[in-house]
Amino acid sequence: MNGIRTAAMAGIALAALILGTTPAGATVLGAQTSTCVTSKADDPNHQGKKVLAATACFQSDGDIFSIRDESADGWHVEVWWQAWDGEKSICRNLNGAGTSVICKHDLTEGGKVRFGAYVMSGATVIDTGAEANVTI
């Protein structure tokens with residue numbers, strides 16, 4: 001019974017990551033973890049009130065970044081990352097509110113990566129959200 005529950009929880013966490021909704025620190029596929037950060041931005045649809053705009057996650061199993069656009073605010077969202085060895089990239093979601101984009105990379109095992117969620121208007125940063133440091 002415990003094995004079934006553990007497998008079910010790992011499956012739920014993996015599905016949530018793909019959908020861009022995995023909570024920070026959720027266990028995925030045994031000892032592998034998923035860590036998420038968010039960004040809030042002034043939403044012109046809500047009289048400038050700050051609302052959740054982006055959720056960026058990193059899953060160590062497979063070196064997967066995901067970025068979810070959380071708000072119909074007219075802006076796109078990105079996850080920016082840099083590995084300890086200097087490798088860096090950006091994963092963009094230009095698909096609009098309610099969508100997620102997944103980007104896979106082959107990062108050096110045992111190293112560290114820093115990533116964050118960004119809300120963008122073209123090339124202009126609207127909001128920089130939380131950042132996280134994780135072990136690959």
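1. **Disulfide Cys-91 to Cys-103.** In this predicted model, a disulfide (a pair of cysteine sulfur atoms within 2.5 Å) joins Cys-91 to Cys-103, with 2.0 Å from S to S. Cys-91 sits in strand β6 and Cys-103 in strand β7, so the bond links distant parts of the chain, twelve residues apart. Strands are DSSP runs of E, at least two residues long, and helices are runs of H or I, at least four; both are numbered from the N terminus. The torsion about the S-S bond of Cys-91 and Cys-103 is about 75°, so this disulfide is right-handed. Both Cys-91 and Cys-103 are buried. Buried means under 20% relative accessible area, exposed means over 50%, and partly exposed lies in between (1.4 Å probe, protein chains only).

2. **Ground rules.** Residues are numbered from 1 along each chain as its sequence is written, and side-chain values use heavy atoms, with hydrogens and water left out. The model is predicted, and local features need pLDDT of at least 70, side-chain atom pairs count only at pLDDT 80 or more, and totals for chains, interfaces and linings use all residues.

3. **Disulfide Cys-36 to Cys-57.** How many disulfides does the structure hold? There are two. Cys-36 is joined to Cys-57, also with an S to S distance of 2.0 Å. This link is right-handed, with 105° about the S-S bond. Cys-36 belongs to strand β2 (residues 33-42) and Cys-57 to strand β3; the two are 21 residues apart. Cys-57 is buried at 0% relative accessibility. Cys-36 is buried as well, at 13%. With the bonded cysteines numbered in sequence order, the pairing reads 1-2, 3-4.

4. **Salt bridge Glu-78 to Arg-92.** A salt bridge puts a side-chain nitrogen of Lys or Arg within 4 Å of a carboxyl oxygen of Asp or Glu. The count by this rule is four. One of them pairs the side chains of Glu-78 and Arg-92 at 2.9 Å, N to O. Glu-78 lies in strand β5 (residues 76-83) and Arg-92 in strand β6 (residues 88-93), 14 residues apart. Is Glu-78 buried or exposed? Glu-78 is buried, with a relative accessible area of 2%. Arg-92 is partly exposed at 45%.

5. **Salt bridge Asp-127 to Lys-50.** Which strands does this pair link? The side chains of Asp-127 and Lys-50 meet at 3.7 Å, N to O. Asp-127 is in strand β9 (residues 124-135), and Lys-50 is in strand β3 (residues 50-59), 77 residues apart. Asp-127 counts as buried, at 14% relative accessibility. Lys-50 is partly exposed, at 46%.

6. **Salt bridge Glu-70 to Arg-68.** The side chains of Glu-70 and Arg-68 form another salt bridge, at 3.5 Å from N to O. Arg-68 is buried, with 18% relative accessible area. Glu-70 counts as partly exposed, at 27%.

7. **Negative surface patch.** Which residues form the negative surface patch? They are Asp-85, Glu-87, Asp-106 and Glu-109. Patch members have over 30% relative accessible area and no salt bridge; like charges are joined within 9 Å, and nonpolar side chains (Val, Leu, Ile, Met, Phe, Trp, Tyr) within 5 Å. Areas come from the Shrake-Rupley method with a 1.4 Å probe. Asp and Glu count as negative, Lys and Arg as positive; His and chain ends are not counted. Each charge is placed at NZ of Lys, CZ of Arg, CG of Asp or CD of Glu. Glu-109 is in the loop between β7 (100-104) and β8 (112-121). Glu-109 is exposed, at 56% relative accessible area.

8. **Positive phi at Asp-63.** Most residues other than glycine have a negative phi. Asp-63 has a positive value, near 50°. Where does Asp-63 lie? Asp-63 is in the loop between β3 and β4 (64-69). Asp-63 is buried, with a relative accessible area of 3%.

9. **Gly-96 and Val-77.** Gly-96 lies in the loop between β6 and β7. Gly-96 is partly exposed, at 24% relative accessibility. Gly-96 and Val-77 are 19 residues apart in sequence and 8.6 Å apart in space, C-alpha to C-alpha.
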